[in-house]
Amino acid sequence: MKKCVITVVGKDTVGIIAKVCEYLAGTNINILDISQTIVDGYFNMMMIVDVTNCSKEVAVVSKELEEIGTSIGVTIHCQREEMFEKMHRL
């Protein structure tokens, strides 16, 4: 299984989760875990997703998610799980 961590941060507005999930479903990315909170009007979400059956390269997914974020006024980052594992080995 190939996993990625997706983070979404920004001013809360209607449809953030819907837009992100619509994109993920359209690229055959499965959500394994999701945590979302709103603090003082600011939206924060973290997802662990499985990209094993994704129809696109992770770099393309990351760029397209960033573009979706820009269009809805939030910041979206998609990083491979290995990035976090390597950071903790130092």
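In which segment does methionine 1 lie?

Methionine 1 lies in the segment before strand 1, where helices (H or I, at least four residues) and strands (E, at least two) are DSSP runs numbered from the N terminus. This is a predicted model, in which local features need pLDDT of at least 70 and side-chain atom pairs count only at pLDDT 80 or more, whereas totals for chains, interfaces and linings use all residues. Residues are numbered from 1 along each chain as its sequence is written, and side-chain values use heavy atoms, with hydrogens and water left out.

Methionine 1 is exposed, with a relative accessible area of 67%; here buried means under 20% relative accessible area, exposed over 50%, and partly exposed in between, with a 1.4 Å probe and protein chains only. When residues up to four places away in sequence are not counted, methionine 1 touches Leu32, Asp50 and Thr52, contact being defined as heavy atoms within 4.5 Å. Methionine 1 is also 9.1 Å from asparagine 53, C-alpha to C-alpha, although the two are 52 residues apart in sequence.

## Strand pairing

Two strands are taken to pair if DSSP finds at least two bridges between them. Strand 1 (residues 3–11) runs antiparallel to strand 3 (residues 42–50), and nine bridges join them. Within this pairing, isoleucine 6 stands opposite methionine 47, and valine 9 stands opposite asparagine 44. Strand 1 also pairs with strand 4 (residues 74–80) in the antiparallel sense, over seven bridges, and there glycine 10 faces valine 74 from the opposite position.

Strand 2 and strand 3 likewise run antiparallel and are joined by nine bridges, with valine 39 standing opposite tyrosine 42. These two strands form a hairpin that has two residues between them.

## Methionine 47 in strand 3

Methionine 47, which is placed in strand 3, counts as buried at 0% relative accessibility. Its C-alpha is 5.0 Å from that of isoleucine 6, while 41 residues separate the pair in sequence.

Leaving aside neighbours within four places in sequence, methionine 47 is in contact with Cys4, Val5, Ile6, Val20, Cys21, Leu24, Ile31, Asp33 and Ile34.

## Loops and positive phi angles

Most residues other than glycine have a negative phi. Asparagine 28, although it is not a glycine, has a positive phi of about 65°; this residue is in the loop between helix 1 (16–26) and strand 2 (30–39) and counts as partly exposed at 46% relative accessibility. Threonine 27 lies in the loop between helix 1 and strand 2, but counts as buried at 3% relative accessibility. Apart from neighbours within four places in sequence, threonine 27 is in contact with Asn53, Cys54, Ser55 and Lys56.

Aspartate 40 is another non-glycine residue with a positive phi, of about 50°. Aspartate 40 lies in the loop between strand 2 and strand 3, that is, in the turn of the hairpin, and counts as exposed at 72% relative accessibility.

## Cysteines and aromatic rings

With a disulfide defined as a pair of cysteine sulfur atoms within 2.5 Å, the count comes to zero disulfides. Cysteine 4 is in no disulfide, and the nearest cysteine sulfur, that of cysteine 78, is 4.1 Å away.

The ring of tyrosine 42 does, however, have the charged end of lysine 11 over it, 5.0 Å from its centre; a charge sits over a ring if NZ of Lys or CZ of Arg is within 6 Å of the ring centre and within 35 degrees of the ring normal.

## Annotated span

The UniProt annotation "domain: ACT", from an unreviewed entry, covers residues 5–79; annotations of this kind may be inferred rather than shown by experiment, and UniProt positions are given in the numbering used here, with feature names shortened. The end C-alpha atoms of residues 5–79 lie 5 Å apart, and the span is 35% helix and 43% strand.
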